[in-house]
Amino acid sequence: MIPLYIAQIGILFATFGLLLVAAAIMVYSERKVAAFTQQRYGPYLVGPSGALQPIADVIKLIFKEKLMPKSADKAIFMVAPIISATAAFAAFAVVPFGAKTDLFGLIEQPISLQVADVNVAMLVLFAITSISVYGIVLAGWSSNSKYSLLGALRSTSQMISYELSYGLTLASVLLIANSLSLTDIVNAQSGNWFGFIPRWFAFLQPLGFVIFMIAGVAETNRAPFDLPEAEQELVAGYHTEYSSTPFMMFFLAEYINMVTAAAVATDLFLGGWHGPWLPEYLGWIWFVIKIGAILFFYIWMRWTLPRLRYDQLMTFGWKVLLPLAALNLLVTAAGVIYFGH
Amino acid sequence: MGTDLLLFYLFGGAAVLASLAVVLGRNPMHSVLLLIVSFAALAGLYITLGSPFAAVIQIIIYAGAIMVLFLFVVMLLNAHREDALLTPGASGVKGPIRTGAVLGVVLAAELVWALVKAGQAPDGELAAGAAPNVEALGSVRALGLLLFTDYAFAFEVTSILIVVAMVGAVVLAKREL
């Protein structure tokens with residue numbers, strides 16, 4: 001029998017490790033999917049079908065020279081990637097990825113597969129997102145380079161603009177679920193309607209789901225919203241001046257943010273770990289499958305859609321997405337009052 | 001109790017040190033960042049007081065939204081170092097320093113008064129009215145109910161105040177509408 005607190009520490013480290021692995025898998029699949037989209041092979045030399053390429057990349061990056069612009073603000077330049085990476089890992093702490101389990105009787109009492117079950121989980125997620133903006137702004141500012149600064153400004157204004165629609169869709173979901181805890185929200189989606197349609201909030205909130213996905217892509221600065229690092233105009237955006245491990249931390253943060261966004265979308269709209277056939281304690285398999293599908297969609301979109309122009313991005317965010325999200329919230333609120341939960 | 005006290009000193013100390021550094025530092029950019037640290041430490045204090053909701057809101061509103069605006073202003077105005085004001089003997093310095101000193105003394109007196117009052121009050125009760133219900137502060141539902149029933153008037157007045165401030169800012173920024 002393992003005591004509860006040791007199991008919780010174990011989950012903490014397991015989540016940390018799994019996030020790193022997930023980021024590596026994401027990098028590899030992104031390169032492979034990109035290659036297939038463009039009728040190339042992609043990485044195929046390191047390991048079977050190039051599967052060990054991410055490890056080779058990491059080793060290469062670690063051994064690169066650390067560069068720092070002469071006129072950079074040294075302290076902030078060093079802190080910025082740390083803020084980005086820390087925020088990325090911290091955000092996943094409140095995301096549940098499986099039902100309560102006692103690991104086949106190993107632990108005294110069942111624990112939920114989640115680092116911290118906070119009853120204001122959705123707000124914590126929002127708070128950490130708003131902190132992660134700083135990593136990018138500070139990186140751009142402290143580099144003292146015009147490309148970095150422009151990238152950082154774009155990124156911040158984009159994140160702030162899309163955070164509003166993101167927040168409003170979150171609010172509609174919590175109106176239906178009647179809770180701010182992600183675990184409660186997932187549990188509210190168990191079972192089926194008419195015996196075969198899963199009770200996912202994606203079906204109750206189709207508009208909310210679409211808005212949430214679009215805003216999620218914009219929040220993670222992915223194509224077609226990757227203005228902050230538009231290579232053709234800005235070299236690499238906010239991390240132009242970074243190399244070696246600090247660069248790696250930004251890279252890591254970006255991929256982990258994608259995984260978190262996909263995990264949150266799964267928890268909020270796709271029923272989390274609930275699915276047919278598998279017993280409850282193997283629900284995390286459904287969770288991984290759902291996340292994988294969303295992440296594949298992200299990659300697919302990146303290599304299919306062209307980048308938006310900056311004014312189009314802002315117009316879309318403020319004049320289309322935000323009114324729709326507000327309307328969705330109003331309709332949801334009216335529905336909840338009329339039909340009950 | 002031991003952990004609580006330790007956390008209190010940790011967060012409280014961080015908040016005080018960061019705030020001091022905000023005021024004493026010469027680099028506006030660093031000041032903004034340290035102010036964020038100070039707000040985060042305050043959020044930590046709220047958590048030790050049993051109100052995660054207030055802590056999260058503190059981070060979202062103050063550390064997140066408002067400080068990003070501060071950061072933008074400092075970044076875009078390109079304010080490097082504030083040396084000019086601090087040269088001794090420069091004209092126009094004495095006035096602000098005097099006002100600041102008076103305000104500082106008043107604040108310190110208020111703080112001492114509050115501490116003395118809190119010390120005299122019976123245990124677990126603050127000088128200002130009845131002790132708030134800890135359960136109510138922790139739960140979002142209870143907080144929302146209170147806000148929209150007992151404090152509905154104050155809530156609405158605050159929102160009018162904010163709208164007025166916003167309109168004022170727009171009028172000031174855009175001379176001709």
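Helices (H or I, at least four residues) and strands (E, at least two) are DSSP runs, numbered from the N terminus. Residues are numbered from 1 along each chain as its sequence is written, while chains are lettered from A and ligands numbered from 1 in the order in which they are written. This is a predicted model, in which local features need pLDDT of at least 70 and side-chain atom pairs count only at pLDDT 80 or more, whereas totals for chains, interfaces and linings use all residues.

**View 1. The loop between α6 and β3 of chain A.** A:Ala188 lies in the loop that runs between α6 (182–187) and β3 (192–193) of chain A. A residue is called buried if 20 or more other C-beta atoms lie within 10 Å of its own, exposed if 12 or fewer, and partly exposed in between, with C-beta atoms placed from the backbone. A:Ala188 is partly exposed because 18 other C-beta atoms are within 10 Å. The C-alpha atoms of A:Ala188 and A:Asn178 are separated by 9.1 Å, the two residues being 10 apart along the chain.

**View 2. The loop between α1 and α2 of chain A.** A:Gln39 is found in the loop between α1 (4–37) and α2 (53–62) of chain A, and it has a positive phi of about 55 degrees although it is not a glycine. Because A:Gln39 has 6 C-beta neighbours inside 10 Å, it counts as exposed. A:Ser49 lies in the loop between α1 and α2 of chain A, and its phi is near 50 degrees, a positive value in a residue other than glycine. A:Ser49 has 14 C-beta neighbours inside 10 Å and therefore counts as partly exposed.

**View 3. Helix α11 of chain A.** Helix α11 of chain A covers residues 283–302, and at 1.5 Å a residue its 20 residues should span 28 Å, which agrees with the 29 Å between its end C-alpha atoms; the expected span is 1.5 Å times one less than the number of residues. The buried residues of α11(A) include A:Trp286, A:Phe287, A:Lys290, A:Ile291, A:Ile294 and A:Leu295. An α-helix has 3.6 residues a turn, so residues three or four places apart point the same way.

**View 4. The side of chain A that touches chain B.** Two residues are in contact if their C-beta atoms, placed from the backbone, lie within 7 Å, and 15 residues of chain A are in contact with 13 residues of chain B. The elements that give two or more residues to this side of chain A are α4 (121–142) and α5 (146–177) of chain A, and α4(A) gives the most, with 9 residues. The model scores ipTM 0.75 and pTM 0.79.

**View 5. Confidence along chain B.** The predictor's confidence in each residue, pLDDT, runs from 0 to 100, and its mean over chain B is 79, with 79% of the residues of chain B reaching 70 or more. Within chain B, confidence is lowest in helix α5 (residues 134–138), at a mean of 55, and highest in helix α7 (residues 152–173), at 90. Over residues 127–131 of chain B pLDDT stays under 50, and the model has 7 contacts beyond four places in sequence for these residues. Where pLDDT is low, the predicted coordinates should not be read in detail.
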